Amino acid sequence: MIDLLVVLLAAVAAYLAVTRGVTTAQSASGGDPLLVAAPTAVAVAFALVVLWGYPYLLRLLSFGAARSRTAVLFLAVASAARSRTAATLPALILVPALTLSVYSALTLDALDAGQRAAAPGSGRGPTPRSASARA
């Protein structure tokens, strides 16, 4: 029940962060706490979803592995399904890696949009001088 509440609060925080965006008034006053907490809340919610779904994914893989010709895949999946400590290790590795990649993609998109907005000819940034004005 608490896990579901955490996932729901993370979804609401992400939605509010996307719809409200960042304004200059928030930047001048030190920032919005929701924008700071939203990525962490989403990462924790994603970790909970991965931990919930991991046993079901292993069951699905075990059905496919049982039909394979080699026993190595079947034994590996069966061993991972039986070991509870090994079940959390992929989530602990996957969640920070995915969080960092999403953060990097969002930062790249924001920087690209800022550069396009400030580029000459966009009407929002500085305009270059013409050749006749320099002479």
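H1 passes H3 in a left-handed crossing, a term for a near helix turned anticlockwise from the far one by less than a right angle. This is a predicted model, in which local features need pLDDT of at least 70 and side-chain atom pairs count only at pLDDT 80 or more, while totals for chains, interfaces and linings use all residues. Residues are numbered from 1 along each chain as its sequence is written, and side-chain values use heavy atoms, without hydrogens and water.

The protein has 6 helices and 0 strands, helices being DSSP runs (H or I) of at least four residues and strands (E) of at least two. The axes of helix H1 (residues 2-20) and helix H3 (residues 33-66), lines fitted to C-alpha atoms over the stretch in contact, come within 8 Å and cross at roughly 140°. That makes H1 oblique to H3, since angles under 35 degrees count as roughly parallel, over 145 as roughly antiparallel, 65 to 115 as roughly perpendicular and the rest as oblique.

The contact (heavy atoms within 4.5 Å) involves these residues:

| Helix | Residues in the contact |
|---|---|
| H1 | Asp3, Leu4, Val6, Val7, Ala10, Ala13, Ala14, Leu16, Ala17, Arg20 |
| H3 | Leu34, Leu35, Ala38, Ala41, Val42, Val44, Ala45, Leu48, Val49, Trp52 |

The residues of the contact of H1 with H3 comprise 18 nonpolar, no polar and 2 charged.

Buried, meaning under 20% relative accessible area with a 1.4 Å probe, applies to 15% of the 135 residues of the protein.

How values were computed. Axes fitted to C-alpha atoms, helices over the stretch in contact; angles between N-to-C directions. Nonpolar A, V, L, I, M, F, W, Y, C, P; charged D, E, K, R; others polar. Buried < 20%, exposed > 50% of the residue type's maximum accessible area, 1.4 Å probe, protein only.
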